[in-house]
Structures are given as C-alpha cells and as structure tokens.
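The following note sets out some points to consider while examining the model. Please keep the sequence and the structure in view while reading.

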Amino acid sequence: MVTRLYREDDANLSLLTRKRIALIGYGNLGRPVALNLRDSGLRLLVGNLEDIYAERARTDGFEVLTIDQAAQRANVLWMLVPDEVMPRVYLEMISPSLKKGDTLVFASGYNVAFGFIEPPTFVDVIMVAPRMIGAGVRESYLDGRGFLSFVGVERDASGQAMATALALAKGIGSLRAGAMPLTFEQEAELDLFVQQGFMAALYQLLNTAISVLVDRGYPPEAACAELYFSGELAFIFEKVAQVGVLEQAQAHSLTSRYGVLSRYERFAEPKIRRQMEAILEEIRSGAFAQGWTSEYNSGYPNLRELMDRFARWPAWHAEDRTLKLLAGENDGEREDDTRPGRA
Ligand code: NDP
C-alpha cells in the first residue's frame, strides 16, 4: 500500500487565523513549534507552569498563562509536555475547559493510542508529529528545507480536522518537506519500535565492536574515531536519508562493497529478528506503555539504574579523552585501566 505525501499546496494557513492557538508546554519541541508558527504569521499563546520555561517563553515575546487559563482561552490546544506527564496535565488542567469546536493536537500518538487520554466526542483530535528533534524543527524552518511529519485524525467532530492538522503542519514548516498520513497507533508504535528494536540493537553493536577492537590491542581513541567521531558514519546516514541505502552504497570503494556484501549475511541472526518481533509485540499490546507509566508513577527507579549501568559500559570510557584529543586539548595520554573492554 503506497501512502501519500501532503505538501504546501494541500494546506490553507488562513484556516488558523480565526483560531486561538495555545501551546501547552515550552520545552524541546514546544519552543521551536511556537517560534515557527509565529514566523508563519500566526498568533498564539503559551500555557505553562510558572518557572524557567515560562520565563523563556516571555523572553521570546509570547503571552504566557497558566495551563488551565490557556485551555479556557484557546480553541486549538497543542499538547507539548512530556508524554508520561501528559495524562495528568490533560485530566486536571485541560479537560475541564474543553468546549464543542475545540481541537486537541498531539505531537505524538502515544497517549491516545494507548488509552491514557480519552478526549470527549465533541472535540477534534489530531496529530502533527515531526520526524525531527526540536532543534532540527527550528533549524530546518529557518533554512527553508522543512522536515517530514506524520499527520493523523483520531476524531473529526468538526469535519475540518485534517485541514486543521495540515494547516498546523504548514505553519511549523513541515510541508516544505511533506507530511504522511498515519493513525495515532501506527505513529506511536513505529516511534517506539525504532527506539527499542533498532537503537537498542545499535548501541549493543557499537559496544561489541569497540570491545572486540580494544581487546585485540587497537587504541580505544582510534576505535571510537573510526566508528563515529570521525563523522563518516553520520555522513553515510545523511546520504542514506537523501538517496536511500542502495544508492548510497554505490559511493563506497569496491573493496568496501565486497567486504560488506560478502559478510553481512553472517549477521542475519534469527535471534535478532525474534527479539525485534517480541519488542514490537510488547509495544502493540500496551505492555511497554503500562510499564513506563508505573515507572513514571514510582519516580523512575529502574530508569535511574539503567542510565547508571549504561554510563558504566566500558565502551564509552574513552569518549571524553578522544573528544579532547580531537579538539587538541590533550596529547591522548591515558591510563590502561580505563580502556574499553578492560573494566
Ligand atoms: P519536554 O520534556 O521538552 O517538555 C518540557 C515542557 O513540559 C516544559 O514546558 C515543561 O514545563 C513542561 N512540563 C514538564 N513536566 C510538567 C508537568 N509535570 N506539568 C506541567 N508541565 C510540565 O518535552 P518534548 O518537547 O520533548 O515533548 C513534547 C511532546 O512532543 C511529546 O508528545 C513528544 O513525544 C513530542 N515530540 C518531541 C520531539 C522532541 O524533539 N523532543 C520530537 C517529536 C515529538 P515546566 O517544567 O515548567 O512544567
């Protein structure tokens, strides 16, 4: 099934000029979204707790209200607080003020898809989910490239829900690159799968590669540099994003191509596929989301422990030293007991 791609011509920004838009949250994504919408000529206000994020929004020139005041004042409410805190914010500060004709906007399908937020039937529920981190949302607005988003409609009470989603996507600059339609469930599941079924495996691969090299006597700084600090890997992925894996592979030497293609099937390990399928199943069944909610409710005890263990992986021990070396700040002197694979 081939999906479609919405572009600038598919959206009408003037649909939003009659609306009162409030962004709830002014963090990693909230701030870039606010600045882009304003630069696109839209008026908006920010709803936030009274702290440094609120101060920052005021310094940037936005009117800042408490979240419940913003919810009362606006009729397009874009939820831009962290996913795990969003259900409580919604229940206590947003839902009491919702009126017929309001639109609830999400930058991730997560809370609606897993049933943590159940909006009333009389509001539009839409998704504009950038496939880009907040800093990139602002940067690619300013340089005119735009960025890909997923857009979706969970409920179309007004008959205009998709038009509103597309207008917002245009306002933040996404439609210069395009927006694909997706359901809230699909967006949430894809997003979590890339984190858990791909990034997790990538960390393990990096860890194993560094440990193999260092155990065979290669300098850890050279191993880190070869793998990622040189920027070669990042450049390759940048090219993959532009032309695809197949076309990008043509840019490598024949030695490299022969080496990669004659060896990659050795890594076609059925266990990896089984793990990916199991991870996807945990996501789709809601088991991951339930576990994450319990984790949040109990103050992140497991996350703290996991972050601590991750920071102690020997593979990363040479990173600070390598960065300093590359910046010309030291001569690469090191103590052997901090070498990756030796702890
Ligand atoms: P952030 O962690 O950056 O959000 C910070 C904002 O949330 C601040 O305004 C903060 O204000 C507010 N906030 C945090 N805790 C609370 C609380 N308990 N009560 C009220 N407000 C709170 O979130 P992101 O920008 O990373 O994510 C926002 C949404 O965007 C999520 O749905 C996420 O999935 C989605 N998204 C994020 C991307 C990104 O690049 N980060 C990319 C694509 C989608 P204060 O601390 O003052 O309360």
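1. Helix H4 (residues 86-94) contributes the most to the shell around the ligand, with 3 residues. Helices (H or I, at least four residues) and strands (E, at least two) are DSSP runs, numbered from the N terminus. The model is predicted: local features need pLDDT of at least 70, side-chain atom pairs count only at pLDDT 80 or more, and totals for chains, interfaces and linings use all residues. Residues are numbered from 1 along each chain as its sequence is written, and side-chain values use heavy atoms, with hydrogens and water left out.

2. The ligand is surrounded by 24 residues, and the closest are Tyr26, Asn28, Asn48, Asp51 and Asp83. The shell divides into 15 nonpolar, 6 polar and 3 charged residues. In this division, Ala, Val, Leu, Ile, Met, Phe, Trp, Tyr, Cys and Pro are nonpolar, Asp, Glu, Lys and Arg are charged, and the others, Gly among them, are polar.

3. Which residues make polar contacts (pairs of N or O atoms within 3.5 Å) with oxygen atoms of the ligand? A side-chain N or O atom of Asp51 is 2.4 Å from a ligand oxygen. A polar backbone atom of Asn28 is 2.7 Å from a ligand oxygen, and for a backbone N or O atom of Gly134 the distance is 2.9 Å. The protein covers 80% of the 890 Å² of accessible area that the ligand has on its own (Shrake-Rupley method, 1.4 Å probe).

4. An open sheet of mixed pairing is formed by 8 strands in the order E3-E2-E1-E4-E5-E6-E7-E8. Two strands pair if DSSP finds at least two bridges between them. Strand E3 (63-65) and strand E8 (179-181) are at the edges with a single partner strand each, so one side of each has no neighbour in the sheet. Strands of a sheet pair through backbone hydrogen bonds, either parallel or antiparallel.

5. Both senses of pairing involve strand E7. E7 (residues 149-155) pairs with E8 in the parallel sense over 3 bridges, whereas E6 and E7 pair in the antiparallel sense over 6 bridges. Phe150 has Met180 as its bridge partner in E8, and Ala129 stands opposite Phe150 in E7.

6. Leu13 lies in the segment before strand E1 (21-24). Its C-alpha atom is separated by 6.7 Å from that of Gly171, 158 residues apart along the chain. Leaving out residues up to four places away in sequence, Leu13 touches Ser40, Leu42, Ala167, Lys170 and Gly171, where contact means heavy atoms within 4.5 Å.

Methods:
A residue is near a molecule or strand if one of its heavy atoms lies within 4 Å of it. A polar contact is a pair of N or O atoms within 3.5 Å; within protein, one must be able to donate a hydrogen and the other to accept it, and residues adjacent in sequence count only if both atoms are side-chain atoms.
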